[in-house]
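Colleague: I'd like to learn how to read a few features from a model like this one. Could you walk me through it?

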Amino acid sequence: MGELLKATELVQRLTEEGRGSWSAATVYKWLLWSPPCPIRRIGKAGVPHLFDLDEVLTWLDEHQERVSRWNGLDTGEAFKDPRMEKARQEARVAKLKADQIEGLSVPLEAVRQSWMASVVGARTVILQMPERMAQAMGIPLEEQARFVEKMCNELDQVMRRLADSDAVLAGLTGPDGE
């Protein structure tokens, strides 16, 4: 058996335990829920109700689990209310539209085009590096062509992997391709 508390003491302890900020009136409403909040002693005129802290904490955990299952937030078979699912989808669409209006989201095609332009620009600069390196390293002229060709082939393979925009951009899309 846990600590016995009046409703006002209970809400204070729940707050201290990081379990939410409640009022005594809310605790009394919990008595009407199904299943109701456990009460250790029913009060009468001049004598307050007493609640067992441990029992209430367990009840709150169970209640939260039931709410999560009902809203489809659990990992198993969810009891999804179609109205809640529709409301979640509408809220998601509204957020996406608001983000677009505020300039917080960018169309995927614009990201693709920007990415490809960056890759082409970077490729040009990178493929010029072996020739500059050969000269800076003092590689004899007759060996420079072979060095540059080998380096360019290696760099080209790396850049082809980076330029695979479908693979790179797959991480930028949502689960349904948006």
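**Reading salt bridges and helix packing**

Modeller: Happy to. Arg112 and Glu109 lie three residues apart in helix 5, so about one helical turn separates them. Keep in mind that this is a predicted model.

Colleague: What do Arg112 and Glu109 form, and how far apart are the closest N and O atoms?

Modeller: The general idea comes first: side chains of opposite charge can pair when their charged atoms come close. Here, Arg112 forms a salt bridge with Glu109, and the closest N and O atoms are 3.8 Å apart. Arg112 is partly exposed, because its relative accessibility is 26%. Glu109 is also partly exposed, with a relative accessible area of 43%.

Colleague: How many salt bridges does the structure hold?

Modeller: Seven salt bridges are found in the structure.

Colleague: Which residues are linked with Arg13 in a network of salt bridges?

Modeller: The network links Arg13 with Glu3, Glu16 and Glu17. Take Glu16: its salt bridge with Arg13 has the closest N and O atoms 3.6 Å apart. Arg13 and Glu16 are three residues apart in helix 1, so about one helical turn lies between them. Arg13 also pairs with Glu17 in a salt bridge, where the closest N and O atoms are 3.5 Å apart.

Colleague: Are Glu16 and Glu17 exposed or partly exposed?

Modeller: Glu16 is exposed, with a relative accessible area of 53%, whereas Glu17 counts as partly exposed at 39%. Arg13 counts as partly exposed at 22% relative accessibility.

Colleague: Now the helices. At what angle do helix 1 and helix 3 pack?

Modeller: For a helix pair, read the angle, the axis separation and the handedness together. Helix 1 (residues 7-16) packs against helix 3 (residues 53-70) at an angle of about 60 degrees, and their axes are 11 Å apart. That angle makes helix 1 oblique to helix 3. Their crossing is right-handed.

Colleague: And how do helix 5 and helix 6 cross?

Modeller: The axes of helix 5 and helix 6 (residues 141-162) come within 9 Å and cross at roughly 155 degrees. Angles over 145 degrees count as roughly antiparallel, so helix 5 and helix 6 are roughly antiparallel to each other. Helix 5 passes helix 6 in a right-handed crossing.

Colleague: Which residues make the nonpolar surface patch?

Modeller: Met129, Met133 and Met137 make a nonpolar surface patch of about 270 Å². Met137 sits in helix 5 (residues 108-137) and is exposed, with a relative accessible area of 55%.

Notes: Residues are numbered from 1 along each chain as its sequence is written. This is a predicted model: local features need pLDDT of at least 70, side-chain atom pairs count only at pLDDT 80 or more; totals for chains, interfaces and linings use all residues. Side-chain values use heavy atoms; hydrogens and water are left out. Patches are made of residues with over 30% relative accessible area and no salt bridge: like charges are joined within 9 Å, nonpolar side chains (Val, Leu, Ile, Met, Phe, Trp, Tyr) within 5 Å. Accessible areas come from the Shrake-Rupley method with a 1.4 Å probe; for residues, only the protein chains shown count as cover. A salt bridge is a side-chain nitrogen of Lys or Arg within 4 Å of a carboxyl oxygen of Asp or Glu. Helices (H or I, at least four residues) and strands (E, at least two) are DSSP runs, numbered from the N terminus. Buried means under 20% relative accessible area, exposed over 50%, partly exposed in between (1.4 Å probe, protein chains only). Axes are lines fitted to C-alpha atoms, for helices over the stretch in contact, and angles run from 0 to 180 degrees between N-to-C directions. Angles under 35 degrees count as roughly parallel, over 145 as roughly antiparallel, 65 to 115 as roughly perpendicular and the rest as oblique. A crossing is left-handed if the near helix is turned anticlockwise from the far one by less than a right angle, and right-handed if clockwise.
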